[in-house]
Amino acid sequence: MNAGIYLHIPFCRSRCSYCDFATDVFKNEETVERYVSALVKEISESKIQNPKSKIDTIYFGGGTPSLLSPKQLEKILNAIHKTFSVLPEIELTMEMNPATVTLEILREYRNLGVNRASFGAQTFDDTELKRLGRRHTAQDVRETIGLLRESGFANVSFDLIAGLPRQTLADWETNLDEALKLKPEHLSLYLLEVHEGTPLAEQIRSKRQPMPDEDLAGEMYELIVEKTAEKGYAQYEISNFSLPEFESKHNSKYWRCEPVFAFGVSAHSFDGETRRANERDTNKYVSLVESGKSPVVEEIKLDNKQLSAEFAFLRLRLAEGLNLKEYERRFGENPASVMAEDLARLGDLGLIEYSENHLKLTRKGMVYSNEVFALFV
Ligand code: SF4
């Protein structure tokens, strides 16, 4: 089975109010350079490579990977090519932030093989962007798409967040219309999640921002599904929509439980059986790698029960759902018989559709997916 590679680039120009990713505020070039050297060392000394797996996707996530210079990107890619067997036709994605790239840099990224760009637009309302602590404006998003197209990117994705504080259904509809006007090949549309420890969580606790409204989020989700379908996008995962053949190959590996080797601070790997997590603090990560120690701080070999639970709830995220015969072949039992009562209850609630061979979430089930996933976990 082919595998993917994930590289985490933790630096951002500033920190957004809702973000709980492992990121550091960009301080200086020297810090980034030192981090890139550690990343290259970790890749080159990697012992998790599986000789049977060839690499068909590479994904630079963050943080803001587009803060890397083309030279730094080249160094990392060279280390990957020296260490792994990389197929000639791969999907190579780079996450970017609007207003962090120039035409010249994008052309250099393209020359190095980057063929997919994914960036966080989040909203087309400048007041909301400000509230979120984002540094870009709606106009920056439009200009970034223009630059991507001009430099030859034919596979562009961007993210929007629905259910932002004070956002109305009409505001969200305007956002969606603006996004669809730009004709990206792929859209990731998330409902806002409030993570403990973020400034947004604190603003909500101190009543400076209202609590997200679940019912309104449900209506926003309905609108997403309707509007994207009208424009020819297929919903292939709970939060992901694409034009035909533009599904994210890399992210699909996570939902299909396929191997992904991950490098960098806070990176999470999965080889089909074992999950590994790297150190979450950037300075500690760099020191560990520089001193020849492993940055892996957690390693869990999944038993059959854990593997089957992950397999089920990750597949259920996909619009195609869970093939119960395949599940039975791999794990020895069919949920349609062992969970018959629970499935009937979820069916009555309108959250799932199922038969003896197949189980999938309904549109309502996609909004309240955690209730269904809880059954498997
Ligand atoms: S740009 Fe993305 S990764 Fe960076 S702080 Fe904002 S949300 Fe987090």
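Select Lys-227 first: beyond residues up to four places away in sequence, Lys-227 touches Glu-173, Leu-176, Asp-177 and Leu-180, where contact means heavy atoms within 4.5 Å. The model is predicted, so local features need pLDDT of at least 70 and side-chain atom pairs count only at pLDDT 80 or more, whereas totals for chains, interfaces and linings use all residues. Residues are numbered from 1 along each chain as its sequence is written, and side-chain values use heavy atoms, with hydrogens and water left out.

Lys-227 lies in helix α8; helices are DSSP runs of H or I with at least four residues, strands are runs of E with at least two, and both are numbered from the N terminus. Lys-227 counts as buried because its relative accessibility is 14% (buried is under 20% relative accessible area, exposed over 50%, partly exposed in between; 1.4 Å probe, protein chains only).

Next, select Asp-213, in the loop between α7 (199-205) and α8 (214-230). Asp-213 has 43% relative accessibility and therefore counts as partly exposed.

Finally, move to Pro-98, in the loop between β5 (86-96) and α3 (103-111). Pro-98 is buried, with a relative accessible area of 4%. Leaving aside residues up to four places away in sequence, its contacts are Phe-119, Gly-120, Arg-134, His-136, Asp-140, Val-141 and Thr-144. For His-136, 38 residues from Pro-98 along the chain, display the C-alpha separation from Pro-98: 6.2 Å.
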